[in-house]
Amino acid sequence: MYFLTDVPPSYVFGIELQTFISVGLTLINLAILAFVLTKLLYKPVLNFLQKRADRVQEQIERAETDSASAAALKLQYEEKLKAIDLQREEILEEARKQAVARSKQILAEAKSESDAVRNRAAKEIELEMERAKDEIRQAILEVSVIIAEKYIARAIDAELHEKLFASTMAELEEAPWQR
């Protein structure tokens, strides 16, 4: 076994000098490669990934905003639909009330019209009855006069006839008419 003190001069830390230099150059090349790759690739890739993450985050935020605005619009439309339903019900109720009121008005007008027609008809019937009574009285008087004239003409002479006619006419003129 060799100790460090027993190592020949061509060895460093117990490793052959050429291997040590080779490892050192490889480490330096690796460091240079890492530096170059960092400068050329790391920042652009990092920027690309950052931009990608920003776009994804922006899309997520936009989706959340759109979702929130869609929910707000949905609520707004639902409220409008409720308001429209309430307004529709109010309009229908008002139309029903107007229809009932109009129906009552039409019925009242029809009833008053029928009452007026009935009253007119009753008055016309009453007038016709009065006329008929007057015509019947007139006819009865005429027939009575004719019958009385014939009866009296047979039974009474002309002078008595004149007296009876005058007294009957006087009585008729004084007598009130009964209906």
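Two helices and two strands make up the secondary structure of the protein chain, with helices (H or I, at least four residues) and strands (E, at least two) taken as DSSP runs numbered from the N terminus. Along the sequence these elements follow the pattern β-β-α-α. The model is predicted: local features need pLDDT of at least 70, side-chain atom pairs count only at pLDDT 80 or more, and totals for chains, interfaces and linings use all residues. Residues are numbered from 1 along each chain as its sequence is written, and side-chain values use heavy atoms, with hydrogens and water left out.

Of the 179 residues of the protein chain, 2% are buried (under 20% relative accessible area; exposed is over 50%, partly exposed in between; 1.4 Å probe, protein chains only). The chain exposes about 16,400 Å², of which carbon and sulfur atoms supply 63%; areas were computed by the Shrake-Rupley method with a 1.4 Å probe, and for residues only the protein chains shown count as cover.

Seven salt bridges were found in the whole structure, each defined as a side-chain nitrogen of Lys or Arg within 4 Å of a carboxyl oxygen of Asp or Glu. One of them joins Glu58 to Arg62, with the closest N and O atoms 3.0 Å apart. These two residues lie four apart in helix H1 (residues 17-155), a separation of about one helical turn. Glu58 is partly exposed at 44%, and Arg62 is partly exposed at 44%.

Asp85, Arg88 and Glu89 form a network of salt bridges. The closest N and O atoms are 4.0 Å apart for Asp85 and Arg88, and 3.5 Å apart for Glu89 and Arg88. Asp85 and Arg88 are three residues apart in helix H1, about one helical turn. Relative accessibility is 38% for Asp85, 43% for Arg88 and 39% for Glu89.
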